[in-house]
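Subject: Structure handover

Hello,

Here is the structure I said I would pass on. My notes on it follow below.

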Amino acid sequence: MSSPDVSGVALSDDSASRRRHRDHHRDRHVRLARPALALGAGALTAFSLPPWGFWPLAIVGVLLFDISLGVTPTRRERLRLGAFFGAGWMYLGMGWMVQLTLPGYIAACLIFASLHGVAAMAAPTGPWRVIARPAAHTLVEALRFSFPFGGVPLATLGISQVAGPLSGIARVGGVIVITWVVFQIGFALADRRTALWNLPAALAKQDWSVLPNALGRAGVVLVIALSLVAPSGRSTGQTLDVAAVQGGGEQGTSALEVPSSLVTQRHLDATATIPTGTDLDLVLWPENTIDINDRRATEIFEDFSNSDIRGQVAAEAARLGSPIAVGITEDAPAANGQRRYTNAHILVLADGALGTRYDKVRRVPFGEYVPLRGALEKVTSAVDVVGEAVAGTERAYLDLPATTEHGSVRMATVISWEVFFGGRAREGVTDGATVILNPTNGASYTGTIVQTQQVASSRLRAIETGRWVVQAAPTGFTAIINANGDVLQRTSVSEQRVIYATVDLRTGDTWYVSVGDGPFIWLFGLVFAASVLLSRRATGKFDDETDIPSDVPSDIELGEATT
């Protein structure tokens with residue numbers, strides 16, 4: 001064989017080797033780039049939340065997540081990339097949970113991230129993915145709001161959009177529908193196959209692949225249009241003069257570190273700054289401002305009705321001629337040797353009598369009770385410091401007695417954690433409440449992730465129900481929010497301050513109050529099922545690309561998705 005021939009063969013082999021080497025590195029970079037893009041997309045979604053709070057980032061995050069998935073990912077890839085997206089979102093957005101329980105934070109975020117992996121895996125490929133993916137991710141978010149352990153409805157897309165133009169959707173369908181709209185916009189924008197100006201021509205050619213994107217966009221337009229005409233309640237023509245009291249103090253301190261008597265005294269001192277003769281209908285104290293037995297400082301069982309502190313609060317109520325709604329913690333009879341307590345809000349009337357009382361129904365897992373306590377006690381003693389709050393059973397409201405100016409006033413009352421659950425405020429409003437109270441206690445958390453997300457949740461509850469919200473916290477934030485979700489007043493963290501407001505009492509139901517979450521969850525379940533069936537009908541099976549590796553073609557798909 002001649003040298004040129006030998007040389008030629010050698011050059012060909014070398015060229016092929018270099019090409020294989022180049023393709024190997026390219027494939028590895030693609031395999032790394034896709035998860036990194038999904039993780040970054042989740043992080044961008046998290047940065048749309050308070051305290052960072054730039055609402056368009058949620059839509060950008062969803063769009064980039066879709067690009068990371070590409071057109072034909074395998075089921076395994078969808079599971080992996082969806083989990084990366086969820087992890088970027090949850091581990092940042094729920095960073096506050098570290099201060100509550102580090103193991104719980106790691107486990108909860110892993111569970112919630114995995115739910116988004118399952119959603120991505122369950123949605124089909126092909127054109128109908130544009131409909132299926134938003135519905136699937138909305139459904140797992142709805143699941144997260146209630147499971148496990150009652151749900152953790154923080155770091156939601158509803159919270160991220162409360163300061164943006166999509167907030168009015170809360171009147172239509174609450175957080176569930178806002179979540180779907182954000183996902184649907186992001187996924188539809190990432191799908192390059194349909195431009196609105198090309199839609200008529202494509203349909204004229206019977207190119208039905210453009211239909212899912214068009215339906216998704218039409219659905220978004222319809223919901224936004226409905227939000228512009230949805231009822232928002234109406235004024236009764238009456239008002240309530242309210243003072244919300246913030247006692248102040250250092251953040252990042254627990255009830256085991258700061259005597260409850262000090263917390264109570266700070267709120268008595270702040271209340272004492274209200275001038276005598278101020279025309280008030282209600283003074284609102286935060287959650288947990290009175291601990292009757294001060295963490296078992298005495299062996300004598302007391303409740304608020306026979307405690308000394310009741311007399312001090314009653315004296316202030318008499319001086320002001322106004323009821324004071326106070327947050328109390330009372331010891332309850334132990335069960336199985338475990339300390340138990342109640343967490344309630346109760347009215348102390350101007351004549352010293354006790355008015356209506358509401359006991360918190362939704363408890364904070366690992367904060368007010370320990371799920372699976374028996375099993376966890378065998379692993380760690382850390383659960384021993386967490387008592388067991390007794391869950392309330394009554395409806396979510398307090399009643400102000402009739403005054404000379406107006407009759408009895410029903411106030412929807414959601415204590416702290418409960419404000420993150422739209423159904424709690426809705427319950428009080430459906431029972432006739434004309435205003436919402438949110439006494440809360442976030443003093444054990446440093447930073448402002450919980451506090452700012454709570455104010456955002458109070459804003460959502462105001463928009464959903466068409467009611468004003470009065471929020472009171474011991475160290476911040478105490479706030480006044482009108483029925484449009486606007487924050488009219490807000491304290492700073494740790495300051496001692498009383499804020500005053502004339503609150504408009506409102507009646508009438510929004511669509512969300514009338515309907516709730518359930519019908520929308522069923523609707524998106526049907527949308528998801530229909531999109532899967534239509535995808536199967538179009539391809540002959542549920543997933544026509546399931547077993548095709550997409551590592552190499554994904555570069556082309558990424559380019560196509562962004563064209």
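Please bear in mind that this is a predicted model.

Overall

The chain has 563 residues, and 55% of them count as buried. It holds 17 helices and 14 strands. Of the contacts between residues at least 6 apart in sequence, 72% join residues at least 24 apart.

Helix H3 and the helices it packs on

Helix H3 covers residues 75-93 and packs against helix H4, residues 102-122, at an angle of about 140°, with the axes 6 Å apart. The two helices are therefore oblique to each other; the cut-off for roughly antiparallel is over 145 degrees. Their crossing is right-handed. From H3 the contact includes Arg75, Arg78, Leu79, Trp89 and Met90, and from H4 it includes Tyr105, Ile106, Phe112, His116 and Met121. Sorted by class, the residues in the contact of H3 with H4 are 15 nonpolar, four polar and two charged.

Helix H2, residues 56-69, also packs on H3: the axes come within 10 Å and cross at roughly 155°. That angle makes H2 roughly antiparallel to H3. This crossing, too, is right-handed. H2 contributes Gly61, Val62, Phe65, Ser68 and Leu69, while H3 contributes Arg78, Leu81, Gly82 and Phe85. The contact of H2 with H3 divides into five nonpolar residues, three polar and one charged.

As for H3 itself, its 19 residues should span 27 Å at 1.5 Å a residue, and its end C-alpha atoms are 27 Å apart, so the two values agree. The buried residues of H3 include Glu77, Arg78, Phe85, Trp89 and Gly93.

Helix H13

Helix H13 runs over residues 422-430, and its buried residues are Gly422, Arg424, Ala425, Glu427, Gly428 and Val429. These buried residues pack against strands S6 (354-359), S9 (409-413) and S10 (435-439), and against helices H14 (449-465) and H15 (511-515). After H13 comes Gly432, which has a positive phi near 105°.

Backbone points to check by eye

Most residues other than glycine have a negative phi, and most peptide bonds are trans. The following entries depart from that.

- The peptide bond from Pro50 to Pro51 is cis, with omega near 10°. Pro51 sits in the loop between helix H1 (3-47) and H2.
- Phe147 and Pro148 are also joined by a cis peptide bond, with omega about -10°. Pro148 belongs to the loop between helix H5 (129-144) and helix H6 (157-161).
- Phe366, not a glycine, has a positive phi of about 70°. It lies in the loop between S6 and helix H12 (373-377), and at 23% relative accessibility it counts as partly exposed.
- Ser416, not a glycine either, has a positive phi of about 50°. Its place is in the loop between S9 and H13. Ser416 is buried, with a relative accessible area of 9%.

One more residue

Pro200 lies in helix H8, residues 199-204. With 57% relative accessibility, Pro200 counts as exposed. Its C-alpha atom is separated by 9.8 Å from that of Val210, ten residues apart along the chain.

Regards

Note on methods: Residues numbered from 1 in each chain as written. Predicted model: local features only at pLDDT ≥ 70, side-chain atom pairs only at ≥ 80, totals over all residues. Heavy atoms only, no water. Axes fitted to C-alpha atoms, helices over the stretch in contact; angles between N-to-C directions. Helix = DSSP H or I, 4+ residues; strand = E, 2+ residues; numbered from the N terminus. Parallel < 35°, antiparallel > 145°, perpendicular 65-115°, else oblique. Left-handed = near helix turned anticlockwise from the far one by under 90°. Contact = heavy atoms within 4.5 Å. Nonpolar A, V, L, I, M, F, W, Y, C, P; charged D, E, K, R; others polar. Expected span 1.5 Å × (residues − 1). Buried < 20%, exposed > 50% of the residue type's maximum accessible area, 1.4 Å probe, protein only.
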